[in-house]
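Work through the exercises below with the model open. Try each task before reading its solution.

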Amino acid sequence: MRCPYCSSLETQVKDSRPTDDSSSIRRRRVCPDCGGRFTTFERVQLRELTVLKKSGRRVPFEREKLMRSLEVALRKRPVDPERVERMVNGIVRQLESQGESEIPSERIGELVMEGLRALDSVAYVRFASVYRNFREARDFNTLIDELANGAPAAPEEEPEPPATRARSPSRA
């Protein structure tokens, strides 16, 4: 592990312990060259995940990017950071345990929405407004009504033409 202060590669572990939820190991390190102390975290990674974007691009999954988007949604909200960390750990575990290495971005968004709905309703609405690309105030009203009524919040879809609707096997 490279020292963040002097870039030496000869750092030493002074203390190791599991985090509160046992999802990672916290290591306290010291650099023998400059005496700097710092903390690192190790997490188990079951497989390399790739995010399949709506555009068709494939990008590596970044846990930090997920955390940043949640931090934006939760900004100035009274939510314990440990609860956010547990939520992110749960989402990552679900993604890794699905057996697929390519995850559609929509699936990640759905998992985040589920987690935020249980965690904080204001953050849920904030995230949904960006994720679903709200264009009008009534989009917010619809989401808030669904939240208040306890109905599952599903993205609005364009109604199918009557001829297509009659033939759809999923609606038979």
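The exercises go from the whole chain to single residues.

This is a predicted model, in which local features need pLDDT of at least 70, side-chain atom pairs count only at pLDDT 80 or more, and totals for chains, interfaces and linings use all residues. Residues are numbered from 1 along each chain as its sequence is written, and side-chain values use heavy atoms, with hydrogens and water left out.

**Exercise 1. The chain**

Task: State how many helices and strands the chain has, and what share of its residues is buried.

Solution. 
- Step 1. Count the elements: the chain has 6 helices and 6 strands. Both are DSSP runs, numbered from the N terminus: helices are H or I with at least four residues, strands E with at least two.
- Step 2. Read the pattern along the sequence: β-β-β-β-β-α-α-β-α-α-α-α.
- Step 3. Take burial: 31% of the 172 residues count as buried. Buried means under 20% relative accessible area, exposed over 50%, and partly exposed in between (1.4 Å probe, protein chains only).
- Step 4. Turn to contacts (heavy atoms within 4.5 Å). Of those with a separation of 6 or more, 42% link residues 24 or more positions apart.

**Exercise 2. The sheet**

Task: Give the strand order of the open sheet of 3 strands.

Solution. 
- Step 1. The order is β1-β2-β3, and the pairing is antiparallel. Two strands pair if DSSP finds at least two bridges between them.
- Step 2. β1 (12-18) and β3 (37-43) are the edge strands; each has a single partner, so one side of each lacks a neighbour in the sheet.
- Step 3. From one strand to the next, the twist averages 25°.
- Step 4. β2 (residues 24-30) is joined to β3 by 7 bridges. Arg29 has Phe38 in β3 as its bridge partner.

**Exercise 3. α1 and its two partners**

Task: Describe how α1 packs on α3 and on α2.

Solution. 
- Step 1. α1 and α3 (residues 105-119) pack at about 40°, with axes 12 Å apart. Axes are lines fitted to C-alpha atoms, for helices over the stretch in contact; angles run from 0 to 180 degrees between N-to-C directions.
- Step 2. α1 and α3 are therefore oblique to each other. Under 35 degrees counts as roughly parallel, over 145 as roughly antiparallel, 65 to 115 as roughly perpendicular, and the rest as oblique.
- Step 3. The α1 and α3 crossing is right-handed, that is, the near helix is turned clockwise from the far one by less than a right angle.
- Step 4. Leu66, Leu70 and Ala73 of α1 meet Ile108, Val112 and Leu116 of α3. By class, this contact has 6 nonpolar, no polar and no charged residues. Ala, Val, Leu, Ile, Met, Phe, Trp, Tyr, Cys and Pro count as nonpolar, Asp, Glu, Lys and Arg as charged, and the others, Gly among them, as polar.
- Step 5. The axes of α1 and α2 come within 11 Å and cross at roughly 135°. This crossing is also right-handed.
- Step 6. Arg63, Leu66, Met67 and Leu70 are the α1 residues in the α2 contact; the α2 residues include Val84, Glu85 and Met87. The classes are 8 nonpolar, 1 polar and 2 charged.

**Exercise 4. Single residues**

Solution. 
- Step 1. Most residues other than glycine have a negative phi. Ser7 has a positive phi of about 70°, and Lys76 one of about 65°.
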